[in-house]
Structures are given as structure tokens and as C-alpha cells.
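Work through the exercises below with the sequence and the 3D structure open beside you. Try each task before you read its solution.

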Amino acid sequence: MEKTITAFFDTDEELEAARSAARRSGADADRINVCRATDPSSFSGKNTITGALAGAAVGTVIGLGAIALESMGAVTTAGPVAGLISGAVLGAIVGGFADYSQHSSAPEERWLFSVSMDESGAGTAVRELKRCGADKVSVY
């Protein structure tokens, strides 16, 4: 059975060492793939969630304020719901911008390495990749 191993690397030197290690572990050179990728752990999303919650709360309060305007009729009933939804969306957008701006320019990009190989050599390949500096190694 074939296994796919993925890992992140920070430097070109680590990446080249990983290619050599994978070939020594029995992987064919044409089964090794490398690309620049955004490390998903470099984006927390905390401000996005906080913004959505705060926006929903503020929007609901503003919507409830519409109830005080008796001449609004049917709009009065929809005010709190519309405020909740629009506040959450706007808060999430503002929070997302805050999350994104906390990084120097964008979420961290690293080398994403993947190799498909026979299951019998996968264990050795994982150990070798970790010796080369691999981070977040996964086997599928």
C-alpha cells in the first residue's frame, strides 16, 4: 500500500537534505513534490472570532434600539436580527484584517514537502525527514 508523507521545512538546505533522505528511504525522485505554502498554524483567527462576537453584540443592541421607534412597524421586528447578522459580518471582517496585519506582511510561507512511497519505507522516511528539520510531519 502506498503512503503519502507531508512536512514543512524552513530553509532550502533542510529541503535539499529531505529530498536526499527520501530517495535514500526508497522514494522515486518523480514522487517527491515541493512548493511554497502558507503554514496554517501561522494564522490564529482570534481577532476574527472576537470581532464577530463583538459586532454581533453591538449590532443586536442597535437593532433593539429600533424597537423604540414605534413608527417603523415590521422593520422593528427585524431590527435585532438584522443588527446581529450585519454586526457579526462586519466585526469578522474588521477582526480578520486585524489578524492579517499582526503578521509582518502575510502568514508565514514555508516549504511544503510531500512524497508518495511504499508503506514499507514510510517509517524510515519519517525519521529521516525529522532529522533534516521537518516540522508538522503527517502520514496519509
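**Exercise 1. Find the strand that holds C35, and decide whether C35 is buried, partly exposed or exposed.**

Step 1: C35 belongs to strand 2, which covers residues 32-38; strands here are DSSP runs of E with at least two residues, helices are runs of H or I with at least four residues, and both are numbered from the N terminus. The model is predicted, so local features need pLDDT of at least 70 and side-chain atom pairs count only at pLDDT 80 or more, while totals for chains, interfaces and linings use all residues. Residues are numbered from 1 along each chain as its sequence is written, and side-chain values use heavy atoms, with hydrogens and water left out.

Step 2: Buried means under 20% relative accessible area, exposed means over 50%, and partly exposed lies in between, using a 1.4 Å probe and protein chains only. C35 has a relative accessible area of 38%, and therefore it is partly exposed.

**Exercise 2. Which residues does C35 touch, leaving aside residues up to four places away in sequence?**

Step 1: With contact defined as heavy atoms within 4.5 Å, C35 touches R110, W111 and L112.

Step 2: C35 and W111 are 76 residues apart in sequence, yet their C-alpha atoms are 5.8 Å apart in space.

Step 3: In strand 3, the residue that stands opposite C35 is L112, and strand 2 and strand 3 pair in the antiparallel sense over seven bridges, where pairing requires that DSSP finds at least two bridges between two strands.

**Exercise 3. In what order do the four strands of the open sheet lie, and which are the edge strands?**

Step 1: The order is 2-3-1-4, with antiparallel pairing.

Step 2: Strand 2 and strand 4 (135-139) are the edge strands, since each of them pairs on one side only.

Step 3: Direction ignored, neighbouring strands of this sheet are turned by 20° against each other on average, with axes being lines fitted to C-alpha atoms (for helices over the stretch in contact) and angles running from 0 to 180 degrees between N-to-C directions.

**Exercise 4. Where is K136, and is K136 buried, partly exposed or exposed?**

Step 1: K136 has its place in strand 4.

Step 2: The relative accessibility of K136 is 37%, so K136 counts as partly exposed.

Step 3: The C-alpha atoms of K136 and L112 are 10.0 Å apart in space, while the two residues are 24 residues apart in sequence.
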